[in-house]
Amino acid sequence: MSEITTTPFGRRGLLAGAGVAAGVALSPFAALAANTAHAAPGQSSGNRFSYGDLAPVKDRTTGLELLLLPKGFEYISYGWTGDLMADGVVTPSSHDGMATFRAESAKKNGKPANNNGRGNDDLVTMVRNHERGAGAAFTSPNYDPQAGGGTTTLTFDSVNGKWLDATSSLGGTIRNCAGGPTPWGTWLSCEETTLIQGSYRHGYVFEVPGDGSHATAEPIRAMGRFSHEAVCVDPKTGIIYQTEDTGSSLIYRYLPTEQGNPAAGGKLQAMKVDAGDAHATRDDVTGTQYKVSWIDIDNPDPGATETSTAVQGRNKGAALISRGEGAWWGNDRAYFVSTNGGPARLGQVFEYDPKKETMVVLYASPNAATLDAPDNVTVSPRGGLVLCEDGGGEQYLRGLTTDGRIFDFAKNNVDLRQGTAGKNVSARDYRGYEWCGATFGGRKDEWLFVNIQTPGITFAITGPWQDGAL
């Protein structure tokens, strides 16, 4: 039997209430178990952690009411699909994962400093994924000339609230869904596919500079070839954690031979729930606790007829996550998202503590009105989590407070049937399309950058953050 416990509405809880051993460093979310001990977690739009009701707000760029936000918040759109970038390349479609970097530090020190999207410098660069499939590469140099995915890099003046420019930074890849920032100032862009196209294998991680320069477009094969989703990096150890987007996927970690240089080689491992048997986490409720260990993946770069990394892990008893999605590092811990896990099949949020080698289900959605298929995630500098929805119907950007409460922060209101304000996208209703790429940055982390994947728009949002949990 695997070593698994839950809060009192299931089996015995390891963290019933906030009762942990004296001297143990608590996660900001440690009180969540107390919140769920007596009732299922739910929405909290009326409590002091939320920012109040949502209403249409005009975009400072186009004048269109593209987003619903709380009172006092405003935004500036940029980098729409079809916009011409500074290097003469047309902005590709399908905006996805993203992170910010401290552009001013890059200028002073020769390379960018990064704090997982929490730079304090005035100028911000951000690398943005494009989840595109086969087709001509939109920039060069590129990995596969017949692959349409990749990344672009944007620059923003956070003092004056002004977008400055954008350029292409990686091409020739497929379905660059998410990824993650590194402490050494780069973006790890992930291919969500295992397609083999001619002589090109896909399903890799690519490293992109955070300072605006172009990537070498060389895959990091040792990090594994599988349907990648997102990564996050422990800044103390350099260990890179990875999620996989399949029905019964794994959580991986990559132990680099040389810290800060994943391309130099390393060891790929998968998470296992102790002790013994493989455990599927899909049915696990809020508060479920796991003691974990790690097993080696013997062949991280399997070919078409070789055993996949997921099957290799399952054969050794690796833990199974239902469609692993977003990942982010914060609070000395890693956060992972399952987009359709939990008893309601509407999503789970996990927190992994590498010091104690434990993982907990921070939140399992009880219904679609509360949280519908979370995807990308980021940790707010003010303590909460931002969850990007990719569900059915209305699409929200949700906040998760440290006591386990969900609230609505923003709603997709991109309806262009009355006109596109001169943009190169079709005039139709896009309100059902997903949020992605949420990341904080700028002076005092006062800007939240986020994408609507289709028609492909990037937003910079600011307002009275101090009034709530984000």
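Let's start in strand S28, where Asn 451 is the bridge partner of Cys 436. Five bridges join S27 to S28, and the two run antiparallel. For the record, strands here are DSSP runs of type E with at least two residues, numbered from the N terminus, and two strands count as paired if DSSP finds at least two bridges between them.

Together S27 and S28 make a hairpin with five residues between them, and Gly 442 in the turn has a positive phi of about 90 degrees. Is S27 enclosed or open to the outside? Seven of its seven residues are buried, so S27 is largely enclosed by the rest of the structure. By buried I mean under 20% relative accessible area, with exposed being over 50% and partly exposed in between, using a 1.4 Å probe and protein chains only.

Before I go on, some housekeeping. This is a predicted model, in which local features need pLDDT of at least 70 and side-chain atom pairs count only at pLDDT 80 or more, while totals for chains, interfaces and linings use all residues. Residues are numbered from 1 along each chain as its sequence is written, and side-chain values use heavy atoms, with hydrogens and water left out.

So how confident is the predictor? The protein averages a pLDDT of 88, and 86% of the residues score at least 70; pLDDT is the predictor's confidence in each residue, from 0 to 100. Over residues 1–24 the pLDDT is below 50, and beyond near neighbours in sequence that stretch has 49 contacts in the model. Residues 36–40 also have pLDDT below 50, with five contacts beyond near neighbours in sequence. A contact means heavy atoms within 4.5 Å.

Lys 444 lies in the loop between strand S27 (435–441) and S28, and its phi is near 55 degrees, a positive value in a residue other than glycine. Lys 444 is exposed, with a relative accessible area of 65%. Ser 94 has a positive phi too, near 60 degrees, and sits in the loop between strand S4 (74–78) and strand S5 (95–102).

Now for the prolines. The peptide bond from Thr 454 to Pro 455 is cis, with omega near 15 degrees, and Pro 455 is in the loop between strand S28 (447–452) and strand S29 (457–462). The bond from Ser 140 to Pro 141 is cis as well, with omega near 0 degrees. You'll find Pro 141 in the loop between strand S6 (123–130) and strand S7 (149–157).

On to the cores. A nonpolar core is a set of buried Ala, Val, Leu, Ile, Met, Phe, Trp, Tyr and Cys residues joined through side-chain atoms within 4.5 Å. Which residues have the most contacts inside the largest one? They are Leu 69, Leu 397, Phe 409, Phe 459 and Ile 461, in a core of 31 residues. Strand S3 (67–70), S24, strand S26 (406–412), S27, S28 and S29 each supply at least two of its residues. Take Phe 459: leaving out residues up to four places away in sequence, its contacts include Trp 163, Val 414, Leu 448 and Phe 449. Apart from this core lies another, of 26 residues, among them Val 127, Trp 187, Phe 206 and Ile 406.

Next, a sheet. Six strands form an open sheet in the order S2-S3-S26-S25-S24-S23, with antiparallel pairing. At the edges are strand S2 (54–57) and strand S23 (374–379), each pairing on one side only. Four bridges join S23 to strand S24 (residues 385–389), and Val 377 has Leu 387 in S24 as its bridge partner.

Last stop: Trp 294, in strand S18 (residues 289–296). Trp 294 counts as buried, at 12% relative accessibility. Trp 294 and Tyr 252 are 42 residues apart in sequence and 8.5 Å apart in space, C-alpha to C-alpha. Which side chains make polar contacts with the side chain of Trp 294? One is that of Tyr 352, at 3.4 Å, and another is that of Glu 357, at 3.2 Å. A polar contact is a pair of N or O atoms within 3.5 Å; within protein, one must be able to donate a hydrogen and the other to accept it, and residues adjacent in sequence count only if both atoms are side-chain atoms.
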